[in-house]
Amino acid sequence: MSILVDNDSRVVVQGITGGEGKFHTRQMVEYGTNVVAGAVPGKGGQEVDGIPVYDTVDRAAREENADTSVVFVPPAFAADALFEALDAPLDLVVAITEGIPQQDMSKVYRKLRETDTQLVGPNCPGVITPGQAKLGILPGNIFESGNVGLVSRSGTLTYQVVDNLTKRGIGQTTAVGIGGDPIIGTDFVDALEMFENDPDTKAIAMCGEIGGEDEEEAASYIGEYMDTPVAGFIAGRTAPPGKRMGHAGAIVSGGGGTGTAESKIDALNDAGVPVGDTPEEVVNHIEGFL
Amino acid sequence: MWMKLHEYQAKGVFADAGVPVPDSKLASTVDEAVDAAEDIGYPVAIKAQVQVGGRGKAGGIELVDNAEEAREAAENIIGMDLKGLHVDRVLVEGAVDFVNELYVGVTMDRNEGEPVAMVSTRGGVNIEEVAAEDPEAIEREHIDPAFGMQPYESRKAVYEAGVDREVAGDVASVLRTLFQLWDDSDATEIEVNPLMITADGDVVAADAVMNIDDDALFRHPDLAEMEDEAAEDDLEAKANEYGFDYVRLSGNVGIIGNGAGLVMTTLDLVDYYGGQPANFLDIGGGAKAERVTNALDMVFSDENVDSVVFNIFGGITRGDEVAKGINEALESFDEIPKKVVVRLAGTNAEEGMDILNTDLVTVEVTLEEAVQRAVEYAEEEAQ
C-alpha cells in the first residue's frame, strides 16, 4: 500500500515540452511512472519520447484516461494550468512550479475548495511511492520501498532524511513534499490522515519549518486522532524574525513572533511527538518506533 | 520573497490611488530638507527613510517647528545609523494635527488562503503587539478572492471595529481603495498605521507600508522599477543580482547549501554545535561552477565570515558534477581567504568526494561532522 500515487496512476504532464518538463518526464518514466499524456496549449498532436501531447488537459484526460497531473508550467502561467487541471477534473494534481504569485494561488485555492481534487504543492519536489511511481523531481535512487511515511515542506531536507533512513535499511511507503509556499493544497494534516489510514505505514517522519501554523495544527491532529507514531524535525530555529528563509512561506513574523520553531517544537512535544535536534536524531526516533 | 517599498514610495502610490496623505518632499541633504520644510510650512516631521520598525523610538523621526530645528533634525538624521541601516534620505512631511489614530490594513491569511482586511481603533502603536495581547481589538474581515471586497464588507469591518460614526464612511472608503490597490498591484501587505483623524473629521494616512510579491513583479514594470531604490543591504542587493536567496545574519560561519530547508537546518546545526551562522544562502538546483563561484564571492564579501561550510545534497544533479563545479570555482580564486568545509551527499556523493581538491577544501562525510569542523575553523580564525 501507499498513498496518493502507485502503479495504477495514469499521469498527464502539463508543460511536457519545456526543458524541465521533458527532462523530468524522462526520469519519471525511467522510474516506472505510467505517464500517458502531455498537455501543452498549441502543441497538440506532437509526441515527447512517444508520449502523445494534447492541447488541453481535458482532452488528454478523456483520450488517455489520465487521473493525475504533474505541473511543470512556468510561474506566470501556472495558475491557469492549475485551474485547467482542477476543471478536467483529475484525482490528484502535483504542482512543482516555484514562484507562483501569491494572489494567483489564493484564487486557485478558492477553486480547490469546491472540487474533490487533491492538490500537492506548489513549490514542492513531488510525491514518490518507492518501487512504483514518482511524480515530480525527487531523485528516485535514494528511496527504498518499506514502511515509513514521510511528509515535508522542503525538498533537499526530505532527501537528507530519506538518505539516512535508506542507509540504515529503513524503507518508505510514500514520501510527500507538500511545498514551501504560504498557500499550498495538501497540508500536514491531510498527509498525516492519509498515512494513518494506510495499513502499511508503521511510522511517520514529518519535517516542518518556520512560518504559519500548519505544524501546530498537525500536532493537535496527531494528539487527538493518530495511532501511528510520528517523529518530527523543524528547520529554522536560528531564523531571525521578519526575514524569509528561501521559501516564500518560511518566515517568523515580527513583533508578535508567530510561526517560530519553538512554538512548533513545543506543540509537537505536547502531542507526544519527539523532535530531533539533527536529521540523524529523527532517524533514531523512527528506528525506535519500528 | 517580496519587495518592501520605502514610506515615500508607498505614499506616492497611495496618493495616486486617492488615499489622502500629508504634503511631503524627499530630501537627501540637510539644505534640501530645510528648503522642503520651509515650502511645506511648520510644524513638519522629518522621517528617516529606512525600513525598520520603531523608527521614532530609535531617533529616526523628529517633529520641528522652525528652520533652525529643521536643520538640527536633518543633521541628526541624515547619515545616522538606524538599527544597522545607514540613513541616506529623509521624508519631510507636514505634521497632522490629529484627534484619533486608527489602524487599517490588508494582508494574506495564509491559513485560509484568503486576503483579510483589518481595522482597529488602536492605531499609532505596534499592531503586532496589539494582536498578541488583545486580538479582539483588531476587526478582521476575510475577503473572497474570487469576488474582491464588497462595499458592505468595508463598512462592516469599520463599524465592528468601533470607528466613530462621523468618519466611518471615509475610513471604509480608504479601506476599499487599499484593497483595490492590494489587488491591482499584487501586494502581500498594505498597512496604514496610523490613519489619523483630524479635528475637522478628515482622514490622513500618516504612515504607509506596502510590500509587493516579488513573484508577481513581472506584470508590474512600474513597481519593479522601484526595486533598486528599495534594496537595503549591499550584500542582499548583490544576492538579488546573482539570483540567490540570501539573508545576512550576524555570526561568523558562512553557509552555502541547496534547498531552503536543508540550508536552514545547516544554520541550526551551526548554532547547535556552538557556532554562529553568518548567513543563509540557497544556491538552488545544480551547482554549476559559475554559481558556486558567485556564492563563494558573496560569502567571502562578508567581512564577518571566518569559515565556510558548503552543504550540497545531490539529487538529480550528481555529486561528481557538483564536485567538479566546486573545484573549478575554488581554482578561480587566487587565494581562498577562509577555510572551506565541503559535505556532499546523495547521488554519486562518494565519487564527488574523491574528486574534490583537498588542497583547497576540507571534506567531511556527514552533515554533523562538516558543521562541527566549520565551527572549529571559525573559532581558530577568530582568535
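Asn65 of chain A is exposed, because 11 other C-beta atoms lie within 10 Å (exposed: 12 or fewer other C-beta atoms within 10 Å of a residue's own; buried: 20 or more; partly exposed: in between; C-beta atoms are placed from the backbone). The model is predicted: local features need pLDDT of at least 70, side-chain atom pairs count only at pLDDT 80 or more, and totals for chains, interfaces and linings use all residues. Residues are numbered from 1 along each chain as its sequence is written, while chains are lettered from A and ligands numbered from 1 in the order in which they are written.

**Loop residues with positive phi**

- Asn65(A) has a phi near 55 degrees, a positive value in a residue other than glycine.
- Asn65(A) sits in the loop that runs between helix 2 (57-64) and strand 5 (68-71) of chain A (helices are DSSP runs of H or I with at least four residues, strands are runs of E with at least two, and both are numbered from the N terminus).
- Asp49(A) is not a glycine, and its phi is positive, near 50 degrees.
- The loop between strand 3 (47-48) and strand 4 (51-54) of chain A holds Asp49(A).
- Asp49(A) is exposed, with 11 other C-beta atoms within 10 Å.

**Cis peptide bonds**

- In chain A, Ala88(A) and Pro89(A) are joined by a cis peptide bond with omega about -10 degrees.
- Pro89(A) belongs to the loop between helix 3 (75-87) and strand 6 (92-95) of chain A.
- In chain B, a cis peptide bond with omega about -5 degrees links Tyr42(B) to Pro43(B).
- Pro43(B) is placed in the loop between helix 2 (30-40) and strand 3 (44-48) of chain B.

**A sheet in chain A**

- Six strands of chain A make an open sheet with mixed pairing, in the order 9-8-11-10-12-13 (two strands pair if DSSP finds at least two bridges between them).
- Strand 9 (133-136) and strand 13 (230-235) of chain A each have a single partner strand, so one side of each has no neighbour in the sheet.
- On average, neighbouring strands of this sheet are turned by 15 degrees against each other, direction ignored (axes are lines fitted to C-alpha atoms, for helices over the stretch in contact, and angles run from 0 to 180 degrees between N-to-C directions).
- Strand 12 (residues 203-209) and strand 13 of chain A run parallel and are joined by six bridges.
- Gly208(A) is opposite Ile234(A), a residue of strand 13 of chain A.

**Chain B as a whole**

- Chain B contains 14 helices and 19 strands.
- Its C-alpha atoms fill a box of roughly 75 × 50 × 40 Å along the principal axes.
- Of the 383 residues in chain B, 47% count as buried.
- Chain B has domain 1 (23-94), domain 2 (98-227) and domain 3 (234-382) (the bounds come from an automatic or database domain assignment).
- Between the C-alpha centres of domain 1 and domain 2 of chain B the distance is 26 Å.

**Contact between the chains**

- The contact involves 54 residues of chain A and 49 residues of chain B (two residues are in contact if their C-beta atoms, placed from the backbone, lie within 7 Å).
- Elements of chain B that give two or more residues to the side touching chain A include helix 4 (127-133), strand 18 (339-346) and helix 14 (367-382).
- Helix 10 of chain B supplies the largest share of that side, 11 residues.
- The residues on the side of chain B that touches chain A are 24 nonpolar, 12 polar and 13 charged (Ala, Val, Leu, Ile, Met, Phe, Trp, Tyr, Cys and Pro count as nonpolar, Asp, Glu, Lys and Arg as charged, and the others, Gly among them, as polar).
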